[in-house]
Amino acid sequence: MLEHGKKISKDLSEFLKFYLKGDDLKNVSEELSDDGYKVTVSLLRMVLNRTNNITEDNNMRAIEKLIVIAARKRRIINPKFNKVMKDYSDIINRYKTK
């Protein structure tokens, strides 16, 4: 759960860092700036790295948007991974038996 004045969890930090790219941070920063909020990419990086706490006024919205983006990417990535697992299951199974 995201709480004002606290750092994001280590698990959430790792999850976001794994699935997000710099362009994702830039896009969210620009989107929120268009809505009148001040959220820089460097501030988002500090929150993701657990250097800064979450604030209600700006970066909580950004973190929520980044969670949604990362979750979408995770869903998109998994079907490809499942296809690879299926396509190469003979090799995988061969080494499992040794």
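1. Burial first. In this predicted model, buried residues make up 28% of the 98 residues in the chain. The chain exposes about 7100 Å². Carbon and sulfur atoms supply 52% of that area.

2. The fold is helical. There are 5 helices and 0 strands. Read from the N terminus, the order is α-α-α-α-α.

3. Next, contacts along the sequence. Take the contacts in the chain with a separation of 6 or more: residues 24 or more positions apart account for 64% of them.

4. Now the largest nonpolar core. It holds 21 residues. Ile8, Leu16, Leu20 and Leu66 touch the most other members. Among the elements, α4 gives the most, with 6 residues.

5. Ile8 deserves a look. Neighbours within four places in sequence are left aside here. Ile8 is then in contact with Leu2, Ser13, Leu16, Val47, Leu48, Arg50, Ile54 and Ile63. Of these contacts, Leu16 is listed with Ile8 among the core residues that touch the most other members.

6. Then there is Asn58, in the loop between α3 and α4. Is Asn58 buried or exposed? Its relative accessible area is 13%, and buried means under 20%, so Asn58 is buried.

7. What does Asn58 touch, leaving aside its neighbours within four places in sequence? Asn58 is in contact with Leu32, Lys38, Val39 and Leu43. Val39 lies 19 residues from Asn58 along the chain. The C-alpha atoms of Asn58 and Val39 are separated by 6.2 Å.

Terms used: Residues numbered from 1 in each chain as written. Predicted model: local features only at pLDDT ≥ 70, side-chain atom pairs only at ≥ 80, totals over all residues. Heavy atoms only, no water. Helix = DSSP H or I, 4+ residues; strand = E, 2+ residues; numbered from the N terminus. Buried < 20%, exposed > 50% of the residue type's maximum accessible area, 1.4 Å probe, protein only. Contact = heavy atoms within 4.5 Å. Areas by Shrake-Rupley, 256 points an atom, 1.4 Å probe, with all protein chains shown as cover. Core = buried A, V, L, I, M, F, W, Y, C linked by side-chain atoms within 4.5 Å.
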